[in-house]
Amino acid sequence: MTDGSHESQGQVPSRQRRRFPGISSRAYEHPADRSALVALRKLSGFDTVFKALSGLLPERSLRLLFLSDSVRVSDAQFSHLNDMLRDACYILDLEKVPPMYVSQNPQPNAMCIGLDEPIIVVTTGLVELLDEEEMRAVVGHEVGHALSGHAVYRTILLFLTNLALKVAWIPLGNVAIMAIVTALREWFRKSELSADRAGLLVGQDLRASMRGLMKIAGGNHLHEMNVDAFLAQADEYEKAGDLRDSVLKILNVLPRSHPFTTVRAAELKKWSETRDYQRIMDGHYPRRDEDKDTSVTDAFKESASHYADSVRSSKDPLMKLVGDIAGGAGDLGGKLRDKFTGAGGGSSKGAGDDATDGSQESRRPEDPEGPSGPGAAGS
């Protein structure tokens, strides 16, 4: 299916795509996403209990809704999407091809949901916005969600979000639910970074992935946009302002199920430049049949190491302060005051500050991956 059968359309590059037989989702999962999933999978009977507790979810109703009020992708309907879907499953070696539906909605969006079996839904807004290669990356993104088992947790998140709205009038009733929703959203933002990586493995065209994210942010105006300038926005967003801006960033992202688009683009580009990505492309990656031997401890250690590196290399004022605290920087009270007020501008650093900043700078070029962030399309 990767022999160029779709290349009669001008937007598809004439090239072979690598296939990854038996690839484990661990190969592309973000460290925070992966450690959480490995821990859950190691709990004996977790999936059974989880699905039993999820018995109230109207999954059959959901499937009937899409069947009755959306267009099911097949050889007869949206055949080009059907080709992409089968191709993505072939590349990632997903044996059972999930059903895909196109739903009438001008908002560009896609999602992978379902408890027993995943289903993929894309909106007409997304289909009309993206070209062939950009859409291929999105389809790969959703197949990555399916391979990682994200659909179950995504469905729970959607259900709890709707439930929170219905019980908002009950005193304290909304608080408990929103605590769970907030935790699930934080995990899901990380899972989006994982799925973006899966989309790149399927499309194998970084420029198409970047274009797709730019279009999600700014519409179908590529002639007015520039990838380098778009990525520069992510850098400016990360390092701009003082601690007040860092707090506002947290408050802005909490209600979202997706990371900000510029952050996703920057994270994907950084991952594409790592040795881990190149090893996968060379055929060296974790296999599915080895998943049962995965160490929970090792996964958590890798996640902790990733976050430690992220704090060290981050340009965000809050993350720099966390690094200073961990490094025992002097005059912490003065630092808090200066960072919240924007005073000092770096000219009043003490000796402890210089030592801390110097060690951070010396490590940055060696970090294979930069700070991690984990919208709409490609959920």
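Guide: Angles here run from 0 to 180 degrees between N-to-C directions, with axes taken as lines fitted to C-alpha atoms, for helices over the stretch in contact. In this predicted model, helix α6 (residues 132-148) lies across β2, β3 and β4, and by that convention runs at about 20 degrees to β3.

Visitor: What makes β1 and β3 edge strands?

Guide: The sheet is open and has four strands in the order β1-β2-β4-β3, with mixed pairing. β1 and β3 (110-113) each have a single partner strand, so one side of each is left without a neighbour in the sheet.

Visitor: How do you know that β2 and β4 pair?

Guide: Two strands pair if at least two bridges are found between them, and β2 and strand β4 (residues 119-123) have four bridges, in the parallel sense, so they meet that condition. Serine 103 stands opposite threonine 123 in β4.

Visitor: Why is phenylalanine 78 called partly exposed?

Guide: Buried means under 20% relative accessible area and exposed means over 50%; phenylalanine 78, at 30%, falls in between and therefore counts as partly exposed. Phenylalanine 78 is found in the loop between β1 (71-72) and α4 (79-91), and has a positive phi of about 50 degrees although it is not a glycine.

Visitor: Why is aspartate 93 called partly exposed?

Guide: Its relative accessible area is 22%, which lies between the cut-offs of 20% and 50%, so aspartate 93 is partly exposed. Aspartate 93 is found in the loop between α4 and β2 (100-103), and its phi is positive, about 60 degrees, although it is not a glycine. Most residues other than glycine have a negative phi.

How values were computed
Residues are numbered from 1 along each chain as its sequence is written. This is a predicted model: local features need pLDDT of at least 70, side-chain atom pairs count only at pLDDT 80 or more; totals for chains, interfaces and linings use all residues. Side-chain values use heavy atoms; hydrogens and water are left out. Helices (H or I, at least four residues) and strands (E, at least two) are DSSP runs, numbered from the N terminus. Buried means under 20% relative accessible area, exposed over 50%, partly exposed in between (1.4 Å probe, protein chains only). Contact means heavy atoms within 4.5 Å.
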